[in-house]
Amino acid sequence: MSKVLFVEPEKCTGCRSCELICSFIHAGEFNPLRSRISIIAFEKTGFSFPAVCQQCSVAACMEVCPVGAISVDEATGAKIVNHAVCLRCKMCTIACPFGATFYDADHDLIIKCDLCGGDPECVKHCPSGAISYREAKTANYNKRRANAEKFREVMEEGR
Amino acid sequence: MKITVNGQEREAHAGESILDLCRREGIPIPTFCYHQAFGGQGACRMCMVEIKEDGQSRSRLVAACTYPLTKTAEIITESEQIQRIRRTIVMLLARRAGENPLLEELSRAYGAAHLPAITVEPANCILCGLCIHACAEMGRSAIWSMFRGVDKRIATPYDEASDDCMGCAACARVCPTQAIKVEEEDAVRKIWNKTFALVSCSRCGKYYATREELEYLSKHGDFGQQQLCETCRKKNLAYNIKTFQQ
Ligand code: SF4
Ligand code: SF4
Ligand code: FES
């Protein structure tokens, strides 16, 4: 079974180290706007959430792409964009249910998480262990049941 | 299949174009009308190379983007003659788009003579046809090449707002000379004489897509129907993880 980026928002302190390292590795600069992972900060509850591509098994971005520019990396299962084929129609960015595929207007590129080829930098640089790279199992999700109440508050604010 | 390119032997797949082989092998060939999403059109002639196939006594000039490799051959991608052809193409295109950064740069690189500018519509259009093909790939075919000869230009039928156009602007983004105008302000996007009222995010109110784009997505599956902007969809992910837990 392939590994996934597993996020534990309750551990996230909102320091944005992941955004910085991600943009640096992929775009050569420290620029959160070019990071594939983004911290969603809910100010009232002081809650931060690292939002990143879920590498869905049926991926909306891949399904809607008219030219097949998005494919599955055999080694990691990551959905990756071939920029030479991509038309920049942005359909994938509207279709992604998690807003994880987006358009970098300054560089005219569709960007999304590629799992760094199997060794995700955000995982290595998160000081609080909020992102890990592990086998996708339902058990992993159950662990966080206790935090349901916190999430409820968060979503009230999100609306 | 053995193909010699500029004196070096390479391995080609039968039937692939000269350009595909060269791209894979990292041999540069300039192009205008080629795109990896739909291949070559053989329209701009910028990709001309010399080829001498097995059994031929002399080499010929062919468009690398459309010429399929079917037998052992020798190819030359840079020569005096090829350089001259490319210089002429750049010189002619610079008449239409001389102020465009791309043509400015190429004119300099090829040492193309400066000819008086001619005014074209849309300004800077070099008629490469990439926009037409991009739109066709989107399944819309809203724009086409209209008229002939010097009057030839890319447009929607009768220059009217086309029912087929969904305002995705893929045409504008593949354009190498940025000749296609897209205007976006708050609640509207304008392209090809059509004004699109943008749909706003149901949670935060931000305008993020045209209604036609959302219709396109719904035709391709259950996509884009939450009517949420990118940021609110990210927030949705937080919510989804919550529902996972129950
Ligand atoms: S923007 Fe590129 S990758 Fe995304 S759907 Fe369009 S062609 Fe495919
Ligand atoms: S904006 Fe309109 S004309 Fe351009 S590619 Fe999209 S549908 Fe076609
Ligand atoms: S790129 Fe080959 S003819 Fe235009």
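Me: What makes A:E121 and A:K124 about one helical turn apart?
Reply: Both sit in helix α4 (residues 121–125) of chain A, and they are three residues apart, which means a separation of about one helical turn. An α-helix has 3.6 residues a turn, so residues three or four places apart point the same way. The model is a predicted one.

Me: Why is the pair A:E121 and A:K124 called a salt bridge?
Reply: The closest N and O atoms of A:E121 and A:K124 are 3.3 Å apart. The cut-off is 4 Å between a side-chain nitrogen of Lys or Arg and a carboxyl oxygen of Asp or Glu, so a pair within that distance takes the name. Side chains of opposite charge can pair when their charged atoms come close.

Me: Are A:E121 and A:K124 buried or exposed?
Reply: A:E121 has 16% relative accessibility and counts as buried, because buried means under 20%. A:K124 has a relative accessible area of 47% and is partly exposed, because that class runs between 20% and 50%.

Me: How do you know that A:R34 and A:E29 form a salt bridge?
Reply: Their side chains meet at 2.7 Å, N to O, and the limit is 4 Å, so the pair qualifies. A:R34 counts as buried at 10% relative accessibility, whereas A:E29 is partly exposed at 30%.

Me: Why is B:T177 called buried?
Reply: B:T177 has 2% relative accessibility, and buried means under 20%, so the label applies. B:T177 is placed in the loop between α5 (170–174) and β8 (182–185) of chain B. Leaving aside neighbours within four places in sequence, B:T177 is in contact with residues including B:N100, B:L102, B:N124 and B:I126.

Me: What lies 2.9 Å from a polar atom of the side chain of B:T177?
Reply: The backbone oxygen of B:N124 lies at that distance from the side chain of B:T177.

Me: Which residues of helix α6 in chain B are buried, and what do they pack against?
Reply: In this helix, residues 211–219, the buried ones are B:E212, B:E213, B:L214, B:Y216 and B:L217. The buried residues of α6(B) pack against α2 (60–64) and α3 (91–95) of chain A, together with β9 (188–191), β10 (194–200) and β11 (207–210) of chain B. Just after α6(B), B:G221 takes a positive phi of about 135 degrees.

Me: How do you know that B:E213 is buried?
Reply: The relative accessible area of B:E213 is 2%, and under 20% means buried. Beyond neighbours within four places in sequence, B:E213 is in contact with A:M91 and A:I94 in chain A, and with B:M166, B:G167, B:C168 and B:R189 in chain B.

Me: Why does B:I154 count as buried?
Reply: B:I154 has 5% relative accessibility, and the limit is 20%, so B:I154 falls in the buried class. B:I154 is found in strand β7 (residues 153–155) of chain B. With neighbours within four places set aside, the contacts of B:I154 include B:P122, B:L127, B:I143, B:W144 and B:W192. The C-alpha atoms of B:I154 and B:G129 are separated by 8.0 Å, though the two residues are 25 apart along the chain.

Me: How do the residues around each ligand divide?
Reply: The shell around ligand 2 has 10 nonpolar residues, one polar and one charged. Among the residues surrounding ligand 2 are B:R140, B:G167, B:I191 and B:W192. The shell around ligand 1 has 10 nonpolar, no polar and two charged residues. Ligand 1 is surrounded by residues including A:C65, A:R88, A:K90 and A:I110.

Methods: Residues are numbered from 1 along each chain as its sequence is written. Chains are lettered from A and ligands numbered from 1 in the order in which they are written. This is a predicted model: local features need pLDDT of at least 70, side-chain atom pairs count only at pLDDT 80 or more; totals for chains, interfaces and linings use all residues. Side-chain values use heavy atoms; hydrogens and water are left out. A residue is near a molecule or strand if one of its heavy atoms lies within 4 Å of it. Ala, Val, Leu, Ile, Met, Phe, Trp, Tyr, Cys and Pro count as nonpolar, Asp, Glu, Lys and Arg as charged, and the others, Gly among them, as polar. Helices (H or I, at least four residues) and strands (E, at least two) are DSSP runs, numbered from the N terminus. Buried means under 20% relative accessible area, exposed over 50%, partly exposed in between (1.4 Å probe, protein chains only). A polar contact is a pair of N or O atoms within 3.5 Å; within protein, one must be able to donate a hydrogen and the other to accept it, and residues adjacent in sequence count only if both atoms are side-chain atoms. Contact means heavy atoms within 4.5 Å.
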